[in-house]
Amino acid sequence: QVQLVESGGGLVQAGDSLRLSCAASGRTFGSYAMAWFRQAPGKERENVAYISRSGGSTYYADSVTGRFTISRDNAKNTVSLLMNSLKPEDTAVYYCAATRGSYTGDPHQYSYWGQGTQVTVSS
């Protein structure tokens, strides 16, 4: 079992940066692959990035590759998403999620979700 709480969202201008953090409670955080998803109004939830249990492997959606960086610190039970060069299209509620399975971008494989944090990027 793991509980996740996101933080770090806010209102920024295009081109700005934000760092999202997800704090996890539980004794086996290192047993979970982690991911960031986002959902904009009227759109389906989409994967942004995911990271393996050890942090050794990462994946990024084409729309964020080169701009976003996912990382984790298993000693601190945290996963982060550094977002650079933000665009209005990045506006969404961002969620972190955990799975005991192999890291994946399929939201149905994730059993644990945070409450979400709003990111709004103005033009």
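**Entry 1: the disulfide**

I looked up the S-S torsion of Cys 22 and Cys 96 and found about 50 degrees, so this disulfide is right-handed. I note that the model is predicted.

I then asked where the two partners sit in the chain. Cys 22 is in strand β3 (residues 18–25), and Cys 96 is in strand β9 (residues 92–99). They are 74 residues apart, so I wrote down that the pair links distant parts of the chain. I reminded myself that a disulfide is a covalent bond between the sulfur atoms of two cysteines. Here the sulfur atoms of Cys 22 and Cys 96 are 2.0 Å apart. I counted one disulfide in the structure.

Are these cysteines buried or exposed? Cys 22 has a relative accessible area of 1%, so I call it buried, the cut-off being under 20%. Cys 96 is buried too, at 0%.

**Entry 2: Arg 72**

Next I went to Arg 72, which I found in strand β7 (residues 68–73). Arg 72 is buried, yet I found no salt bridge for it. Which side chain of opposite charge is nearest to Arg 72? It is Asp 73, 8.3 Å away. A salt bridge needs the charged atoms within 4 Å.

I looked for backbone oxygens by the Arg 72 side chain. The backbone oxygen of Ser 52 lies 2.9 Å from one of its polar atoms. For the backbone oxygen of Phe 29, I noted 3.1 Å to a polar atom of the Arg 72 side chain.

Last, I listed contacts, leaving out residues up to four places away in sequence. Arg 72 touches several residues, among them Tyr 32, Met 34, Ile 51, Arg 53, Thr 78 and Val 79. Phe 29 and Ser 52 are also on that list.

Notes
Residues are numbered from 1 along each chain as its sequence is written. This is a predicted model: local features need pLDDT of at least 70, side-chain atom pairs count only at pLDDT 80 or more; totals for chains, interfaces and linings use all residues. Side-chain values use heavy atoms; hydrogens and water are left out. A disulfide is a pair of cysteine sulfur atoms within 2.5 Å. Helices (H or I, at least four residues) and strands (E, at least two) are DSSP runs, numbered from the N terminus. Buried means under 20% relative accessible area, exposed over 50%, partly exposed in between (1.4 Å probe, protein chains only). Lys and Arg count as positive and Asp and Glu as negative; His and the chain ends are not counted. A polar contact is a pair of N or O atoms within 3.5 Å; within protein, one must be able to donate a hydrogen and the other to accept it, and residues adjacent in sequence count only if both atoms are side-chain atoms. Contact means heavy atoms within 4.5 Å.
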